[in-house]
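Please read these notes with the model open.

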Amino acid sequence: MTAARPFLAALAQRGLQALIVAVIVGIVSFAMMQALPGDAAYRIAAGRYGYDMMDAAAAEAVRLELGLDRHWSVQLFAWLGALAQFDLGRSLVYGSPVVDEIAVQLGYSLLLAAGAVITSLLIAVPVGVAAGMKPGGVVDRVTLALSVFVRAIPAFALGVVLVLAFAVQLKLFPVAGFRGPEHLVLPSLTLGLGLAAVSNRVVRDAVVDAMAAEWQLFARTKGLSARFTVLRHVLRNASLPVVTYVGVQMAYLIEGVVIVETVFAWPGIGHALVHAIFARDIAMVQGTALTLGLIYVALNLAIDLACRGIDPRTRSA
Amino acid sequence: MTDFTQIDAMPPARRSWPRIRPARGLGFTLLALLALCAVAGPDLVGQDPAKQSLLEARQPPSADNLLGTDHLGRDMAARLLSGAQLSLSLAVLSVLTAGLPGTLLGIVAAWYGGWTDRVLTSFADAVLALPGLLLVLMLAAISPGSWWALYAGISLTLWVEYFRYTRQRARIVMAEPAVEASRLLGLTPGLIIRRHLVPEIGPGLLTIAAFGAATAVTAVAALGFVSVGVRPPTAEWGVMMTELLPYWREAPFLILQPVACLVITVLALHLSVGGMRRP
């Protein structure tokens with residue numbers, strides 16, 4: 001019982017966060033709807049039946065059906081009520097259900113996010129370990145300077161620079177869109193570099209701490225080789241702060257997905273969100289923003305669970 | 001933020017990051033130069049950032065146009081300076097409107113505790129439920145192209161960090177015997193805050209402010225870049241990047257200019273507080 005409680009508490013906390021995400025996204029989308037210029041009934045009727053097929057009668061029917069003539073506060077509750085039943089509505093531009101659109105985009109976004117995290121770990125772990133084994137050494141200083149520099153380049157600017165360098169000058173990778181695995185390289189590298197710029201320092205700190213710990217000295221004293229000690233003990237102990245930090249980076253990852261997908265015309269949720277905002281397709285804005293917010297919560301929950309897996313001490317704490 | 005308990009347990013020389021000594025100096029110098037550019041604005045090069053001339057489109061740098069001209073023949077240097085004005089003033093404003101309420105509310109939450117603390121903390125947690133840029137994007141989308149929506153969104157997102165930091169530090173300071181004694185002596189809250197709290201949170205707040213300003217500059221450019229924030233023809237660095245993107249093959253040096261401005265600004269802000277925040 002005592003062992004199970006923190007797990008349930010973590011679950012409940014993330015559940016509450018998911019609820020808050022839904023309410024914020026719902027309210028902001030509703031405000032967006034209210035702020036639209038012109039008559040919403042005409043706009044929706046035009047989206048539904050096409051601009052040639054719609055007239056005042058069609059708009060009136062839409063108005064009655066959706067209750068657009070009610071007071072805004074009543075409409076807000078109706079709006080949030082629909083959201084509570086997972087009714088995301090239809091895209092005002094494409095006319096198809098928002099859920100169908102998102103189901104396609106979600107896979108692309110998760111693919112990009114996974115590519116970014118894997119790229120960042122492939123860069124950050126070796127670099128961080130190399131810097132952490134000799135604190136204050138040349139590797140440590142050079143990687144710190146590089147990290148500071150890369151950290152200062154916003155994700156979309158980094159994307160543009162990488163496109164200029166790899167796609168236009170060297171002609172190594174395709175610039176935009178998605179037709180094959182080679183299209184994944186530049187977007188993942190863009191996001192992965194940004195993530196690695198900070199996480200390599202976390203790896204470095206964790207390795208320095210682990211190397212200075214008494215159990216490390218004990219492991220060496222009892223005759224284990226330096227190589228075995230690092231692989232078996234130092235890396236496992238160092239991985240906890242690193243995984244925790246990957247959780248902190250999820251915000252950067254989600255923000256990055258939105259912007260980087262737009263840079264590379266990647267057919268994911270972030271790209272769809274930006275397009276929907278531009279086209280004033282509010283049903284799509286709400287659906288995509290909600291999905292991104294919920295992915296953020298789910299990833300955080302996954303990190304919570306991963307930490308429990310790595311460190312038994314966190315399970316009963 | 002720095003976790004002092006952890007650091008004390010470690011030998012300081014091994015734990016701390018190597019210093020890049022000239023970094024802060026470089027950061028301040030760059031910041032001063034940028035501020036100068038922003039204050040002077042397009043007058044510095046004596047060109048109108050909005051004046052088009054299609055006959056002189058995409059010219060290389062010359063005596064008249066120090067950094068060349070863009071696809072509509074507008075002077076690049078003047079446009080970059082105008083962009084610096086917009087970005088830096090928005091950064092300074094949002095630091096003020098996020099920093100002051102954030103810090104004060106943090107002190108209030110720590111001082112009163114109880115329900116006040118719970119309500120304020122829940123509000124901060126609600127803001128943090130979504131990734132910051134997503135929230136700014138949504139709020140800016142309520143009235144697209146509006147400078148005010150953008151500014152309000154950025155401030156609303158940034159105040160939380162000041163609040164959380166101040167609240168956490170203030171709670172520790174409030175629990176110190178010296179502060180307890182001062183309260184029992186009947187010293188005014190103002191005096192206690194000045195004497196005990198300000199020296200404790202000052203440097204940390206400065207770091208948050210620099211990183212917050214960098215976040216604001218980045219957010220404005222990112223939203224401008226994806227056509228949700230500031231609208232053309234306003235000379236804003238992100239908007240300029242979008243406008244110049246189609247010409248990267250013919251004139252890559254054009255699009256690299258707003259990119260460089262953005263990177264230099266963020267770098268200067270980061271360096272001025274020591275390069276990188278310990279995660």
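1. Two residues are in contact if their C-beta atoms, placed from the backbone, lie within 7 Å. By that rule, B:Ala124, B:Val127 and B:Leu128 of H5(B) meet B:Leu156, B:Thr157, B:Val160, B:Phe163 and B:Arg164 of H7(B). Helices (H or I, at least four residues) are DSSP runs, numbered from the N terminus. The model is predicted: local features need pLDDT of at least 70 and side-chain atom pairs pLDDT 80 or more, while totals for chains, interfaces and linings use all residues. Residues are numbered from 1 along each chain as its sequence is written, and chains are lettered from A in the order in which they are written.

2. Helix H5 (residues 114-128) and helix H7 (residues 147-174) of chain B have axes 9 Å apart and pack at about 130 degrees. Axes are lines fitted to C-alpha atoms over the stretch in contact, and angles run from 0 to 180 degrees between N-to-C directions. H5(B) and H7(B) are therefore oblique to each other (under 35 degrees is roughly parallel, over 145 roughly antiparallel, 65 to 115 roughly perpendicular, and the rest oblique). Their crossing is left-handed, meaning that the near helix is turned anticlockwise from the far one by less than a right angle.

3. The residues in the contact of H5(B) with H7(B) are six nonpolar, one polar and one charged. Here Ala, Val, Leu, Ile, Met, Phe, Trp, Tyr, Cys and Pro count as nonpolar, Asp, Glu, Lys and Arg as charged, and the others, Gly among them, as polar.

4. Also in chain B, the axes of helix H3 (residues 22-40) and helix H11 (residues 252-272) come within 7 Å and cross at roughly 135 degrees. That angle makes H3(B) oblique to H11(B). The crossing of H3(B) and H11(B) is left-handed. Contact residues include B:Leu30, B:Leu31 and B:Leu34 of H3(B) and B:Ala268 and B:Leu269 of H11(B). By class, this contact has ten nonpolar, three polar and one charged residues.

5. Between the chains, 49 residues of chain A are in contact with 42 residues of chain B. Among the elements giving two or more residues to the chain A side are helix H1 (5-35), helix H8 (182-212) and helix H13 (282-310). That side has 38 nonpolar, five polar and six charged residues.

6. Within chain A, the domain assignment (automatic or from a database) gives domain 1 (4-91) and domain 2 (99-316). Their contact takes 16 residues from domain 1 and 18 residues from domain 2. The domain 1 side divides into nine nonpolar, five polar and two charged residues.
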